[in-house]
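Here are my notes for you, as numbered points. Please keep the model open beside them as you read.

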Amino acid sequence: MPDLPILYSFRRCPYAMRARMALAASGVEVMLREVLLKDKPSELLAASPKATVPVLVLSDGQIIEESLDVMQWALEYRDPLNWLGGKALDSDWISACDGDFKHWLDRYKYAERYPEHTAEGYRQNAEAFIQRLENQLSGSEWVGGDAANAVDVALFPFIRQFAGVEPSWWQQAPYPKVSQWLENWLNSALFSAIMAKYPRWESGQPGERFPPNPDRGAPINP
Ligand SMILES: N[C@@H](CCC(=O)N[C@@H](CS)C(=O)NCC(=O)O)C(=O)O
């Protein structure tokens, strides 16, 4: 077996999802090690003391420990869908998503941990970003323009999380364009491929090949 990069990942983590999507789209194979955030393996902590996922360990020992950097690395390696076009990963959309939007999303999702305000209040703050996205998607099918690119991919797992907090509210929320955009991603073969379930990684094991079926995981437009 070739010396593949190792990806420490957690299936439901939105940062890990965006990284897995870029890896799968690029067609690069890695050994995925599914971890539990509550009980991280010492190998992950040794590779990356900041202890967040995703972390990619390259065969030369280089550590890539930010999801956007994993995306950049994968897409620089191979970018068949031209997701990096126009320096997509430098987009203000991503900094707004990972900054303010994520801040309010966490409070909306775990409102009981932040009793100063109601879940609805947190949701309304998060909706400022969703409304901007709705306006953007009223002018083009994808955030990145006429075709999906890395900006769309980077945002998608977080919008999915937002929509999933109160699905019945989301279904009637006034964001038809965002809703359609989200459905496109949710129904994509690429998303199914990256959400394949893996057993928890056990120390001493190499990990599982990812994507699970490269023919499905490789270049698939949403
Ligand atoms: N800036 C990091 C954030 C990654 C992150 O916060 N991941 C979460 C899981 S979604 C994590 O690992 N948290 C550590 C923990 O829960 O212990 C990135 O983009 O990769």
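1. A definition to begin with: a residue is called buried under 20% relative accessible area, exposed over 50%, and partly exposed in between (1.4 Å probe, protein chains only). Ala 51, at 13% relative accessibility, therefore counts as buried.

2. A word on the ground rules. The model is predicted, so local features need pLDDT of at least 70 and side-chain atom pairs count only at pLDDT 80 or more, while totals for chains, interfaces and linings use all residues. Residue numbers run from 1 along each chain as its sequence is written, and side-chain values use heavy atoms, with hydrogens and water left out.

3. Now the overall build. The chain has 10 helices and five strands; these are DSSP runs numbered from the N terminus, with helices being H or I of at least four residues and strands E of at least two. The C-alpha trace spans about 50 × 40 × 25 Å along its principal axes.

4. How does the radius of gyration of the chain agree with that of a compact globule? For 222 residues a compact globule would be near 17 Å, and the chain has 17 Å, which agrees. The radius is taken over C-alpha atoms, and the globule rule is 2.2 Å times the number of residues to the power 0.38.

5. Taking contact to mean heavy atoms within 4.5 Å, residues 24 or more positions apart account for 71% of the contacts with a separation of 6 or more.

6. The accessible surface of the chain comes to about 10,600 Å², by the Shrake-Rupley method with a 1.4 Å probe. Carbon and sulfur atoms hold 47% of that surface.

7. The loop between α2 and β3 deserves a careful look. Ala 51 sits in this loop and has a positive phi of about 60° although it is not a glycine. Pro 54 also lies in the loop between α2 (42-47) and β3 (55-57), and the peptide bond leading from Val 53 to Pro 54 is cis, with omega near 5°.

8. Another cis peptide bond joins Phe 210 and Pro 211, where omega is about -5°. Pro 211 is in the loop between β5 (208-210) and α10 (214-217).

9. Is Asn 82 buried or exposed? Its relative accessibility is 52%, so Asn 82 counts as exposed. Asn 82 is in the loop between α3 (67-77) and α4 (92-109), and has a positive phi of about 55° without being a glycine.
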